[in-house]
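Colleague: I am new to this one. Please take me through it slowly, starting with a close look at a single part.

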Amino acid sequence: MTPQDLWQELTRRLRDYATAQVRALVGQVTASDGLLGGRLLAPIVPPPGNPLVDLVRDIAGDLTVDGPLRLHGWRRTADSPFGIALVLADPADPGLLAVVALTPREGAEPVIDVVVTPGGEVQLHRDVGEWSVRARARTDAPWDVSFDGGAPAMARPETATAGIRIARTVPFQAGMSSGPGLRIRGFSWELAIGPGGPAGNTLVLQGLEVSALPGDLGRLVGAAADGQVAPSRPGGEVITLTGDPVQGLRFAEGGLRAALPVRFALPGLQSRGIALTLSADGGLRIGVLVSLSARIPGVPLTALIDNAGFTLPLELPEGGRPRLGAQPGEVSPDGIGVNLQLPPVSGGGVVRRFDDGSYAGVIALDLGFVAVQAVARFGHSPTRFLAMLGVVFPPPGIQVGFGFALDAMGGLVGINHRIDVDALRGLVSDGHADRILFPDRIVERADEVIGALSAAFPRAAGRFVIAPMVRITWGGRMVSLSGALVLELPAPAQAVILGRLVVALPDPVAPLVRLQASVLGRFDPSVPVVEVLVSLAGSWVLGVAVRGEIYLLVRGGDQAEFVLSAGGFHPRYRRPPGVPALQRLEMDLAPGGLYRMRMQAYFAVTSNSVQFGGQLHLQAMIAGCGVEGWLGLDALFVFEPVFSFSVAIRAGIAVRAFGVRLASVGLSFTLEGPTPWHAFGSGSVSVLFWDASLDFDIEWGERPAVAAGRLPPDRIPADLATAIGRPKSWVAERPPDERTGLTFTRAAADAMAAGSLVHPDAVLRVDQAVIPLDVDFGRYGRRVDDQRWSIAEVRVGTAALVPTPQTALYTRFVRGQFFVLDEDEQLTAPPTAVHASGTRVQPAGAATGAGHLVDDGYETAYEPEQPRDRLPWQGSLRDEIAMKWIAGERLARWLAADVGVPRIAMNAPTLRVAVDAPVVGLVVGAPATVPVELAPDDDAWRMLRAQARTAPGAQRLLESWELP
């Protein structure tokens, strides 16, 4: 449920309620001449008894026919049904009106009309008993808008404004008088319509007090008789709700939940949080949720309950006024936990229930000789399960030699779950890999551990996750290494390594130096891609924070990239797709808060560049007064398509007093080159209100004079001829599924493997990597005339074969070697691009030698054994028929080759397998010979009729042949 869903539910119910009350009033409307083009009919004075009209009277006073606020009949058009209009009129100017009208319709949404006449502002100020109302509307242009459940028929004028505020100051109770329930001292509702944007609604609850416990339970544990929870401030809490069509209905803090700053502590019972909620379970409801901890004196057991409470429905009865329901609805807790402290055994656990119907649990148990921790989440539709189990050994762990010890081991299993690399990357970047790798205090951190697991391994039907885990220590846990190998199956499979290295010196209990490196490694063979991210978040040296990230990417496929970075990239460099923004390598020194020094650095190597730089910032301040200085460097070296570099230096010093810069000197300088060399920058001096600056921009040297077409005109054709003339450029691809009716002798197979013979159903490939085909290019190592090359035809013997786009072959070409790139493209474009490089052709006119008949008899076995009465003919007929039919079709195509090519002459048939369909073009004996037909024996005939996939026809018989 979202705030927008709640808003739609609230407006729908209010619209239905108002429509029902208006239907009861339209019987008093009579047709008459009226204002606003005849739509506004004569006033009406409904008798008491209509809940909506009675509520308006209580708020704004009597509705008389000549008062400023009155009810009128409404008729949108001559053939429209009657409606009711609430009219606010200016007593000094009867033509100045603000009208809100509702017209019920049968079988459709009601129509709501808003009309404000231009010329001035119409107002209403009234205080009636416990109510007060303020209303106003103004427009300089006609304001006439209609709603019928969708968008308005006409937008309101840009200068139109309106507002209404209704307040009640008398306390009232919602829920049970003895608790649970709510007590509110007063409330106000305000509607504001300004120029542009949707109308905004604000509801403020004043003096909110909560009766969280039933009266009997409250008295039992020592609370007030009505279960009242003491407010955190005199007079109660102030809660604000807002609503509009765009943002929906929500608390002012955002969302559908607002925490109350209220706590209570009673004998054996303590609150851990109280919150108000909004929901739409069977209608709009406001709820109170309480998290409690309970402990019986003398018993080492603590019970935890999370988010138990009650809800109150917003009731809109057709014959009554709107109200909060008196009967609260029960809200079952979404979390239950226990904590046991009974030496030498201690532990605890928590169970959570989520909105999607799934459950999660956490348990930790210390048995003295070993500690066990487990986390699990399961759900249904489809059934899904995610569990993590860990066993932690007591110090010093299981010794394995050389100071190393096995400290913990465990694993993770997920059914119908997958890996979310972005979520894992976020955990590593924030230094929170320990939420998955053997988390400490797992029961206290249950929410963050469950949340991290759910985000890192979201549900995905048909996917499985498995991850063994281990933690190894050295030197009495001064060095701790945790790691997990996470596999996602089935194909496309991917592997992720999640690790955490912690070095704590000299004592891991109270370290002076703590270096933490969280590691994420990913390997996905389907791309392929290798990715490694290392984060130093959570590290410090003598109280000085150390931060930064290191990243490695090696990716193939269509977006091939190589990236190695420590601390990020040059400011002008655009990261390749999929490369995250990296935090600079950084140390922040701040002894005593008076002196501060921050150091940042980065170094990166990509496919065509080297980048490095950093910045040093110093600051000495006392009471906001002092001196600061800075020195920075950014360098970028690009190697493809031509060598170039850019080095930028900046430095400065400034004097500040109470946050204001009094004086400063700054310098920035950039040098680029070579050919030409380019130096530019600026210097500035500032003292109080006086500023002076000097800019410079100098360029010297000549650009390389490489005219287009300087390359010898026969260079590219010669290189192409050389490449295509190499034997390795011509490859005969055997059919991938070996769909052939022929088998080959050992000598023929060896000859095909050596390349001297070609498979009779092979596809011929011709490929090269000299130039990209079917694309314009303007470089060939250096600048050349723009040109395009394509393969016109491929000749095999006397046959000329014309390639098509569907038969093209593709390979990767270095972009800078063939295409003219500007400076930005050199930095940001992928280093390689895929273009056509060759083609596949089906050879025609190939000759085959004489063949001879072979015996391909074989035995067929079935596992498990098939009953004899079900399979009287020994063979899996469907498979055999299908394969022999395919073989016959292929063989017929070879035999029907070009005229004049020797054909295979089949000898007198030796019948092997019957086929249930004619094979067109098959020649038996001689080209003019009709295929021989043979009726199989009765058993085989019955099996063919029963199992063949097509209707039985003339049975055509095939043989097995062998080519030399």
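Colleague: Is Q21 buried or exposed?

Modeller: Keep in mind that this is a predicted model. Q21 is buried, because its relative accessible area is 3%, and the limit for buried is under 20%. Look for Q21 in helix α1.

Follow the chain on from the helix. A loop lies between α1, residues 3-23, and β1, residues 40-44. T30 sits in that loop. Leave out its neighbours within four places in sequence, and T30 is in contact with L41 and F82. T30 and I44 are 14 residues apart along the chain. Their C-alpha atoms are separated by 9.3 Å.

Next, go to the surface. A nonpolar patch is found there, formed by V627, I653, V655, V660, L662, V665, V685, V687, L688, F689 and W690. Together these residues have about 1000 Å² of accessible area. Three strands each supply at least two residues of the patch: β43 (644-657), β44 (660-673) and β45 (677-687). β44 gives the most, with 3 residues.

V660 belongs to strand β44. Its relative accessibility is 49%, so V660 counts as partly exposed. The reason is the cut-off: exposed means over 50%, and partly exposed lies between that and the buried limit of 20%.

Last, turn to a sheet. This open sheet has 4 strands, in the order β47-β49-β55-β54. The pairing is antiparallel. At the edges are β47 (730-733) and β54 (808-814), and each of them pairs on one side only. Neighbouring strands of the sheet are turned against each other by 30 degrees on average, direction ignored.

For one place to look, find Y810: A836 in β55 stands opposite Y810.

Notes. Residues numbered from 1 in each chain as written. Predicted model: local features only at pLDDT ≥ 70, side-chain atom pairs only at ≥ 80, totals over all residues. Heavy atoms only, no water. Patch = residues over 30% accessible without salt bridge, like charges linked within 9 Å, V, L, I, M, F, W, Y side chains within 5 Å. Areas by Shrake-Rupley, 256 points an atom, 1.4 Å probe, with all protein chains shown as cover. Salt bridge = Lys/Arg side-chain N within 4 Å of Asp/Glu carboxyl O. Buried < 20%, exposed > 50% of the residue type's maximum accessible area, 1.4 Å probe, protein only. Pairing = 2+ DSSP bridges. Axes fitted to C-alpha atoms, helices over the stretch in contact; angles between N-to-C directions. Contact = heavy atoms within 4.5 Å.
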